[in-house]
Structure formats: C-alpha cells, structure tokens
Amino acid sequence: MSTVLEVEHLTKEFQRDDVATVALRDFSLSIEEGTLVTILGRSGCGKSTMLNLLSGLSKPTSGRVLHRGSPHSGPTPDIGYLTQTDTLMPWRSVQRNVEMPMEIAGTGKAEREAKARELIATVGLADFADSYPRELSGGMRRRASLARMLANGAETILMDEPFGALDAQLRSELQRELARLWSATGHTIVFVTHDIEEALLLGDRVVVLGPLGTVLLDQEIDLDRPRDPDEAKVDPRFVELHATLASALKKGARP
Amino acid sequence: MSTVLEVEHLTKEFQRDDVATVALRDFSLSIEEGTLVTILGRSGCGKSTMLNLLSGLSKPTSGRVLHRGSPHSGPTPDIGYLTQTDTLMPWRSVQRNVEMPMEIAGTGKAEREAKARELIATVGLADFADSYPRELSGGMRRRASLARMLANGAETILMDEPFGALDAQLRSELQRELARLWSATGHTIVFVTHDIEEALLLGDRVVVLGPLGTVLLDQEIDLDRPRDPDEAKVDPRFVELHATLASALKKGARP
Amino acid sequence: MTTGSVSDTHAHNGLSTSGPVKETRRRSWWHRNRRTTLVWGLRAGVVLVFLLLWQLAGRVAVNPMFVSSPVSVWEQLRDWILDGTLSTHTWITIQEVVLGYVIGAVTGALAGFVLASVRLTYDVFEPMMMALYSIPKVALAPLFIVWFGIGIDMKVILAAVSVFFLVFLNTAAGVRDVDRGLIDAVRLMGGSNKDITLKVVLPASMSGLITGLKVSIPYALIGAVIGELVASNRGLGYLINDSAAQFNTAGVFAAVVVLTALAMVLNTLVGALASRANRWKPLDAE
Amino acid sequence: MTTGSVSDTHAHNGLSTSGPVKETRRRSWWHRNRRTTLVWGLRAGVVLVFLLLWQLAGRVAVNPMFVSSPVSVWEQLRDWILDGTLSTHTWITIQEVVLGYVIGAVTGALAGFVLASVRLTYDVFEPMMMALYSIPKVALAPLFIVWFGIGIDMKVILAAVSVFFLVFLNTAAGVRDVDRGLIDAVRLMGGSNKDITLKVVLPASMSGLITGLKVSIPYALIGAVIGELVASNRGLGYLINDSAAQFNTAGVFAAVVVLTALAMVLNTLVGALASRANRWKPLDAE
Amino acid sequence: GDAAESEPGVLNVGQISDSVAFFPLYVAEQEGYFADEGVELGERPRLGTGAKLAAALTSGSIDVGAGVLTDAFNLAESNPETQVTGSLVTDYYVDIVTASDFDGPAADAPLEERVRALEGKNIGITGPGSGTEALIVYLFEQVGLDAKTDATLVNLGAVPSSAIGALSEGQVDALAFFQPTGQMAEAEGVGDIYVSPQRGDIPDLTDPLHGALFSTSGVIEQKGEEIEAFNRAVDRALEFIQTDPEASAELLSTYLDGTDPEAVEALNEILPQEFATSSQVSESAFDTAVDFHLESQLIDEAPDYDSLVWSQVQE
Ligand SMILES: Nc1ncnc2c1ncn2[C@@H]1O[C@H](COP(=O)(O)OP(=O)(O)OP(=O)(O)O)[C@@H](O)[C@H]1O
Ligand SMILES: Nc1ncnc2c1ncn2[C@@H]1O[C@H](COP(=O)(O)OP(=O)(O)OP(=O)(O)O)[C@@H](O)[C@H]1O
Ligand SMILES: O=[N+]([O-])[O-]
Ligand SMILES: [Mg+2]
Ligand SMILES: [Mg+2]
C-alpha cells in the first residue's frame, strides 16, 4: 500500500504583529492509499489547520507535506476537501453549485446536470435544487457542500466535521452512504469528527490529536464491516475501543 | 407558572417569484417560565425558523407569537438568541465582541471588561481574548458566540445547536455549566439540538418536531438532576426515553 | 393571492428527508409591482414639486435671466426638437458618451480585476493613478487638443478616462473584499486563475463593479461635454456654450435637461444589470 | 527572527482546553517593513523612468512647447518657491480642497448611511442624484458665479458636491451589502438604530466608505481648481490658467505637479485610515 | 489630429467665440460668399481661449484661427511659423463697464480720473493674458498704477452672461469685457460703459488691429489658395457691413440671437467703423497694436510686421 499524504516534522504558526500562534508543532502523519482515517481531537487542537495543509490550501511554516511523494505546490482537484465552514457560492443555486467542479473540469452540460441532480438526490435535497444557499437550513447547506465535494470526483477526500449539523438518522444514513462509496471506489478518506462513535463506525484507523498536533493515539479499528450502528454499539470490542479513545481524548486536555 | 413564549396557529412561508416555501404550518407551542425545553427535529424541519420567530427577528406569515402575553414587535434584549450561524463581528476581538451587548446596555467600561473576561474564561477562551474571530477554530467561534449571548443577561434564552461543533468532553462540560446556570437563575431556555442524549440530559421537556413544525412528541423528562452523563446513560428510564424519542424522530421522515 | 396545489415533495431517492413544502402561489400584478409603482409615483411627484418650485422661483428671483423657468425650457426644447437641432447634437453626444463609457468601463473593470489580484502592482500604481486623475482635464485643454485633436476621439477619450478610474478603483476594492474561502473552494476544484476570476471574483465583486459603473455615469457625460466645451463645434456641450454666450439660460437648461435624461437612461440600464446580478440576494422585506 | 519564551497557556478557569500556544516572536525591522520598502522603491523607480521618458520626449517632440520637460518644470517650481508664488497659491487651493473634501465626505457619508437604510427614499432619490451629478459644472459656470459668487465659497462648494456624490453612492452601496445576520445580532442585544449604524453598518461598510473617500480625492481637487479657473485670481487653478495663457507649459505642469502631490498626500491619509480600519482583515499572504 | 492636412480643399477655421468680432465670418457664410469663392469650410470649433486656438493650429485640427492679435503674438513667441493672414477688427472692441451704482466720476470726466476711480476695485476680465486684462494693465500704467497690486482682477471666463451676472450681483465693481457685454449691461440697466477705446476715449489706442486671422507658414504652403479665397470672402463680408447697414443689422440680430435688441441696436451703430475695411493688414494698425501690447506688458519684444504678417495681406 502506498502513502498518499505524508506530513513530516511540520510546524504551522500564525503570526500577527509580534506574537506567533503555534497551531501545530513537529507534527508527523502519513495516510496510506485506500484507507479511511478518522481524526478525533479537542476543539482548537489543530484539526482544521492540518486539513488545510494536507489539501495544499495553506503552506507550512516549516516541514513538508507530501502528496504522492512530491511536496504540495498548491490545491489540486485530486484532493477533495469539505471545509468546516460553508463555501457554497451564494449566487448559485444548489444545482449550479454542485455542477461547479464539473464545469471547471470541462464536463459537458448534459452530463454534469444529470450527475449533479443525482448527487443532490443522494444527499436528500432533490426538492431544493433550485434554491439558493441562503434559503437552506444549516444542515441542508452542509449536505449541499457534501454533494459538491463528491462532484469533484477526487480520489483523496478530506472532510471536516461533515455530519456535525445533521440529525442522528440523517447522519447514519449518510455514514452508510459514505462507507458504501468508500468500499466501492477504494478512495482515501480523512474524516475529522467530534463524535467518538462516528469515528469508530467509519474508520479503519482513528488518530487522536492532542495540543499542537501531538498524536495521542493512533489506533487500528478492527471491527467487521459493514458496521451497523445498532449492532456495533453493543459489540464489546466497540465498547472497549470507545473507552480507549475517550480516555486518550481526556489526556489531550491540559490540566 | 406563567407562559413566557406562546406561538398560536403560526404559518411561516418564504415567497420567491411565484413559489412559496412553507416552513411551518399551523404551528403552536408554548414555553413556560423557568423551563428548559429541548427541541429535536430532522434537518430542515423548521427549528431555526421557529427560533427566528420566537426571538422576534422574523415575522410570521399568519398567526401570532406572544412574548409574556403581548405580540412581538421585534427583537428584544430580554430574549437572548444564539443563532445557528456565526454572527460575531469580524472587526472586533473576542473580548470586544463579548463586551458588545453590555456596551449597548450602557454598562460601565471597567465592569463590562471584567464581566467579559470572566465569561470568556468560562467558555475556555481566556488565551484568545485578543484574537479576532477569523483566528479562531470553528468550535472556538461557537464558544465566543455563547459567551457573547450570556453577556446579554437575558432571562429567556434561545440556542440553536450551540454545542454541535464541540468535542464530547467540552460539550459535557458546557452542558453542565448550562444546567448549573439554569438552576441558579431560573432562566427560561429553549435549546435546539440534533443529539438525543443531549436533549435528555438537559431538558425538562423535549419537543420533537416533524415536517412543517408538526409536534410529533411533547415529553416531560422526569429524570433526576443533576444528571451525570455516565450515570444517566445506564439509567433504564433514560434508555426508554431515548428509544421513544428516536422512534418519534423516525416518524418525522416522510416515506 | 391564490394558493396552488401542494406540489409533490417526496424524497426522490435514497435519503429520508423532512422538509418544507413548496407551493405555487401566484401573486397579482399589483402585489408584484406595487413597490415599483410606488417608487415611480413618488419620483414623478418629487419632479413635479421641483418643477413647480422652479416656475415660482422665476417669479420671485432678483434676476430671472439666471433662473429661467420650466415653461421656457420646454419651449426651447420644443423648438430644438422641431428644427432638428436637438437630435443632431444629442446624437453626437450619445455616441461620445456611450463609446467613452463602454471603453472606460471595460478597461477599468479589466484593470481592476487584474491589478487587484496582483497586490504589489496595485500598491505601486494606485497612488500614481490617483495623482493622474487629480489633474484637472479642463485645465490641460490645450494639451488635449495637441495630443488628440478636436474630433470625436478627444471627447471619447475624455469620457473614457473618467470612467476608467472610477470603475477601476471600485472594482479593485470589490475584488480585494472577496471572501478567501470562496476562492479557495475553486482552487480546490482545480480552477485556473481564469475560473477564479470569472466564477468567483466577478460575481462576488459585482457590487463594487456596479457601484463603479453607477458613479461613473455622470463623469462619462461630463467628460464628453467638457470635450465639447473645449473645442465646441457640436454636441450638447456646444449647445450649452452657445446658449450661454447668447444669454439664453433656457437653452442652457434645456441642454442640461437632455443630459440628465441621458444619465437616467444609462442609470436605468446599469440598474437592470444590477438587479439581474443581485437576484440571489435576500430581499429587504422578509 | 528571534524566538521568545513560551507564554503561559493554561486555562485560567473552569474548562479544560486544548489549544495552540502563543509565542512572542519579534521580527526584525527589515522583516516587518520589507514590503513597504519594496513598494516605495518600485514607486520611486516608476517615477524616475517616467521623468526620464518625459525628458527624452521633449527632445523628439514635434512641438516642444506642449511637452516641456522635467527640468524646466523643476526650474519653474524653484522660481515659484523662491518668490513665494507657490506657497500663496497652494495654500489657497489647499484650504478650498480640504474644506470641500471634509464637507462633502461628511455629508456624503451621513446621507449614505441614512438614505441607504431607508430603502424607499433611496430608490426614489437615487436617480435624481444621478441626474443632478450629470450636470457638467463647468458648463454652468455663469450660473455658479451668480448663485455662489466668486469667493472661496464657490470653490469649496464645487469641491464638496463632487465629493458628496461619490462618497454617498459608495457608502450607500457598502451599507446595502452589510450582512443582515450582524445587524440582527445587534437588534437582539436591544441595539437602537444608532447602535446598528455605529457598531455594525459603519465598520462593515468601511470598505465602501473608503473607496468613496479614495475615488473622490481627485474630484475634490478638480472641483476646486475648476472653480479657480472659472472665477479667480488665486489658487493653483489660477496659476494653471495664467501659465496656459502665456504659453508657459512648464508653468502649467509645475502647478499640476503640485496638485498631484496634494492628491498623493490626501491619498496617503485615507490609506492610513483604511489600514487602521482593516487591521482585522486577514493579510493577503498567509 | 491632422485632419486638416488629409483633406485638401477643405479649410478648418477655429474661432474664439461667437462674439461681435467674428460677425464677418457669419456674414460671409450667410451670404454665400464662401461658396462663391470656392471655399469649403470644415470644422468650425469655438475654442474659447487663444491658447486653445494655438493648440488647435499646432495639432493641425484647424488651418486658420480667428482670434485677437494677442493670440497671434503669443503663438509667434514659441512658433516662428506663425503668420497673420488677415484683419477683422481694427478697433479695440473691449470696454470697461461699471456697475450702475458705481460711485465715481461721470463717464465724460477726464480719462485719468476715471481710471483712478477704478483703483482698489474688483474688476472682472476674461482671463490672464487676454486683451481684456491688457486694457486694464495699459490704463493703470498710463496713470502710474499697477493693475496687479492696485486692483483685484477676477478671471470670469469668456462667457458674457457670467460677466453680466457677476456685475449685477455686485461680485465685481467693473468689467473689462469685449462687446457686446457693455451694450448688454446698459440695455439691462445693470451697468454703464465707462471707458471705451472704440468710442475714442483713449487717444493712443485709435484703430489698432485687434480682431485677426492667423495661421502658420506650413499650412499656407499647402492651402495658400484656399486661404486667399477665404480672405476674398471675408473682404466681401466686410464690404457688405460697410455698405448695407440695414441688411447687416438684420443679420446681426440673428447672429446675437439672445441678446437684448437694444444692445444690438447700439452695436449696429458702431459696427461699420469698427470693422476693418478689408482683410489686408495695415502697417499702422499693426504698429498701434504692437505699441499697446508692449505698454500693457503682454509682449516683451516688438514683432516685425514684415515677418509676422503674411506677404499676401501686407500693404
Ligand atoms: N488565521 C489564524 N490566525 C491565528 N490563529 C489561527 C488561525 N487559524 C487557526 N488559528 C489557531 O490555530 C488553532 C487550531 O485551529 P483549528 O481551526 O485547526 O482547530 P480545530 O482543531 O479545527 O478546532 P475545532 O474543532 O474547534 O474546529 C486555534 O487555536 C486557532 O486559534
Ligand atoms: N429565507 C428562506 N427562503 C426560503 N426558504 C427558507 C428560508 N429560510 C428557511 N427556509 C426553508 O425553511 C425550511 C426550514 O429551515 P430551518 O432553517 O428552520 O431548518 P432547521 O430545522 O433549522 O434545519 P437544520 O437542522 O438543518 O438547521 C428549510 O427547508 C428551508 O429550505
Ligand atoms: O476677446 N478678448 O479680448 O478677450
Ligand atoms: Mg476545525
Ligand atoms: Mg437550523
């Protein structure tokens, strides 16, 4: 298995005036091709900063980020990234937002319309294809963003709390959909979440981050797939892993 | 116990061109003084729309919203509202954002600075008082908004998924803090969440909304307080209520 | 208001959803257009009041020669319309203004998009632009004549340079305010600089661009008219000059009225563009 | 770059947190100012190249009378500085420009804030403003003289009206683009209209206001100078007029150079205001 | 800007304004003299100032400029090719007009008293370097005053209505302005003609060349024939004004359409003596003008009749 993304001794600082905020320090991580890695971490520990670096959107202060062996020269359509904040174009309807990556890739009109319609239906927004983002609820906007990211067709996908604003049922439906997509395509997925259960249900591997990007735990998840939420939760291995992750997370908090 | 907020046969539509999107239809609800009501509902079912109406920010298409017996004439500082989307002033530091409601209320400089500092520490942002919103992580922005809302000092509080973007530990700490605040002050709180556990841990009463604001379930929560998450979850009554709510939520989905 | 039938809102696929319903609700003509009607009504009212006051002012003014009156202005306009003077001169001014406006707006917008994206160039050249534009063009009229002659070119250039600057600075300001998140989103889709400009920066900076287009309308007209005054041989500027020289204040005002009418036509066109571009924005009244 | 000591980042209270550390990292003078230095260096370079080309142009021009040269302009300036002409006339123009600019900017910004919040008034009056501003003020010079006299007032008014319009329209556009969510937030805090204007609309529409302030600088200067061209015996406009009448192109350019220097000073002041107001914005380079 | 050169046979004639001085051009146009003489007129811009007239000549936008001699002198200083190609007015057609409430010696008092009465006043002129300024400078000089310090000269631009407005509103006490501003002010009752060279108030300024046509030797080389034909048409117009006062009066009232009929009437009476009798430039009129320009400091060096005036129109 080859390494798709590799972070080596990376430091990321944000400087304003004479103060530097160090978000990540000497952070290293590698993501193997075809794995679904979930990332857990406290609020403000640097998860989004890390994804920004992995996607090529921001540059490390020191250290390197390698994508398939070569340093990032900027964002690439080979990596899809669902950011934590909304970036739907407010002047485009949902349909046209989802078509956008295909427009840029040069896909024909008929094909991208059909594909967009399909993706919009997948995230349950078929009735809202013609709505503008401001006419959607928070969860609906999130789903529209998800559809747009999937329209990119990238083989490596970064997702920052994609399902946080959704109700339990929708979330598990989308989790199932994501797991299905992943096993069908062999994509590489890095998935940031706050929800330990979600991390366990989805991940091959869970990485728990502490302050400044210290890796508190890097755990293979050896649960059988498909993982049905209701069944998994009573599986003793699941319960055990849940406890391990929860205690690792607790360690992450400074006294 | 008197009724603080009352919604009577309310309909809310959004019209664009010749199409009206009906978000709530013939919706009725009343919130008693001093209760902590949690609202559950699927994504897009009208929860945020309802809070907008309760807060006085938007006007019903038909029907009435009463606040302490008289129809809403607009937003009032007597009702604090933590909206689903961020509304921190990007040009103010966290400190000055949290001071803002007190500035408007005419609180003296020294007092509001001290109070703001305290609230900022409560939400764990003491080190970031001088940061601008764009320099915060998603969860940190959410907490800053929470601190600002608390600075309002309103007796009626509306919260739209306040803890959705936070990690489990932070969330339970803030839940505990909120429960403490509520029992100490006797405030009235309406709390929208996607998390059934959260709804149960916090609420006196859980309202489950279906499409168009149909009330699918209106359930008193007769669990003892204080409710420790770890203990509560194994309480059979908790498990029973969890199942009731989950099944009510499922009913909300159209086939 | 008529209520149509409830449309079919079952989820089409996969997910179970729980959302609002959409209904056809056809509004009456009056309901849709009452605001426009009100606005136009008020405008007409204000204009009427203004004309009335003007007519009265002529009666009480110390020196009516410098006030004229709506009636005499109208008579002058009628005469000019009948003898063809107005159409000839107006047509010439229209050509100059439209050419100058389009040239200035297109180059200004392009320069705004390009320079504002390259921050360094912008910072270096912005104060120089500013300096260049602070030169009172009328004062340099002799140089303009030497450089550009007295033909239509000179007037078009004068109109275009004023427009260029205003559109340029407004567009650049708009461009520099564009949400980085949206630009990043396009970069993540593999968008080229062209994609970023066309699909994000252009729509996002529309408000700045449109402000630029609006504020420059008067200066397009003024530029052309100043050109006509500099070497006055035809156009509305010539009419103004000629009337002023003949103590014909009504003539001056008549030409000015035509100019303002031109401005309003251009403004309406830009306004139509603006409302097309702003369709996605929430309406004020909610 | 020097690395300071790691500051204390323990949570001060209540919550356990997990965040970044803040470090004092003092940057060298060069590191902090290299961009500014670069920009000024490039500006100086561009100006130098321009001067060189100008000097050369004088050599090859058909009629050097209309080209002059940096050297003769400098000689003229030196003469004017030495005999006090420059300071007298410049001081007068500065007074007119500054007064006109301040009056126009303040009233324009106020009108922008007030009218743009009341949508209906704005819609009714905007096209009329537009029409009013399309009137070429130079063409109406005779009337201006009668209405406002030939004193400093007239020039201040001419400067102020141009500024007013540009600041007004830009502010209004900025105001109408303010995020409703932020306004609602203040309304929820019980904020009055004044609070909304001062605490949200003003900072949020800063970009529009500043664009208005910027684009109007040249027009403040032009307004005052045109006033001086029309009726005056002092000011830089008079100097231009006087030099032009004497075919003293170097004199015309010398006065223009002083004008552009004035423009750049005003621009720098507005730029300083802008960078103060924009401190919260992310820097381009990240 | 070389439209003129590209169109042979067409003559572009720029003039300062539509003031009385250029009435002969109007007459020639209306009476068809240009057509008769085979002159095809192209661009006819009104350029407002001498500087712009010069610029238009330099850029080739016009072939002939109709202005005042001052403009020709100024142009000659920087462009040795300048040629005066004809005379239009041989009287100094600028008057000093005082406001009707002007407090000073009567208009028939000795010249020196009248000039002294202008000391310290605000006097409106068209602009710096113009013939209107020159007249004030000259008169002040005559009585030992300096116009720059002993009066305030206000540039009002070349539009007579501004001047009348400024006078009637009391913003200036007096005007030095070209005709028919004075006649107009009298007709409106806002002012009186106080000093008038044309009336003979200034003995040293009798019959100077004032309104003139000028061009450059380069243009003359290419379009000499057209300019000659143009001058022939102007000659006929000048003759028409001298010989047919009634028809001329009628044309004048259409030329000065908006002007008060009373003022037009007054002008009519003085026109025949004011205009040159032909486009030939007389040496004495030229020299009178040169003296005046030297004394009023408009020029430093006396231009030479033989080199500045086109040989075709020299006496
Ligand atoms: N532009 C910036 N300027 C300064 N500091 C920043 C900036 N962006 C992020 N930070 C800091 O870096 C730290 C990590 O932020 P990041 O957004 O990566 O956190 P996160 O792990 O995604 O948190 P959350 O779960 O709340 O989204 C935060 O403490 C934040 O203050
Ligand atoms: N301005 C608007 N114009 C049109 N439709 C709107 C508007 N605002 C809300 N809606 C519609 O109203 C419905 C309810 O939205 P609302 O934001 O209340 O949902 P919600 O229950 O808060 O969902 P979520 O949990 O995803 O936040 C949505 O389907 C949305 O499309
Ligand atoms: O016509 N002038 O002599 O000014
Ligand atoms: Mg984050
Ligand atoms: Mg919501």
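Start with ligand 2: one of its oxygen atoms is 2.8 Å from a polar backbone atom of E135(A). That is a polar contact, meaning a pair of N or O atoms within 3.5 Å; within protein, one must be able to donate a hydrogen and the other to accept it, and residues adjacent in sequence count only if both atoms are side-chain atoms. A polar backbone atom of G46(B) is 2.9 Å from an oxygen atom of ligand 2. In S48(B), a polar side-chain atom lies 2.6 Å from an oxygen atom of the ligand. On its own, ligand 2 exposes 640 Å², and the protein buries 92% of that. Those areas come from the Shrake-Rupley method with a 1.4 Å probe; for residues, only the protein chains shown count as cover.

A word on the model. It is predicted: local features need pLDDT of at least 70, side-chain atom pairs count only at pLDDT 80 or more, and totals for chains, interfaces and linings use all residues. Residues are numbered from 1 along each chain as written, chains are lettered from A and ligands numbered from 1 in the order written, and side-chain values use heavy atoms, with hydrogens and water left out.

Which chains does ligand 2 lie between? Chains A, B and C. Helices here are DSSP runs (H or I, at least four residues), strands are E runs of at least two, and numbering starts at the N terminus.

Now ligand 1. Its surroundings come from chains A, B and D, so the site is shared between chains. Here 21 residues surround the ligand. The side chain of S43(A) has an N or O atom 2.8 Å from a ligand oxygen. For the side chain of S137(B), that distance is 2.6 Å. A polar backbone atom of G139(B) is 2.7 Å from an oxygen of ligand 1. The protein covers 92% of the 630 Å² of accessible area that ligand 1 has on its own. Two or more shell residues come from α1 (47–55) of chain A, and likewise from α4 (138–151) of chain B.

Last, two helices in chain D. The axes of α3 (residues 85–117) and α10 (residues 236–245) come within 7 Å and cross at roughly 125°. Axes are lines fitted to C-alpha atoms, for helices over the stretch in contact, with angles from 0 to 180 degrees between N-to-C directions.

Definitions and conventions. A residue is near a molecule or strand if one of its heavy atoms lies within 4 Å of it.
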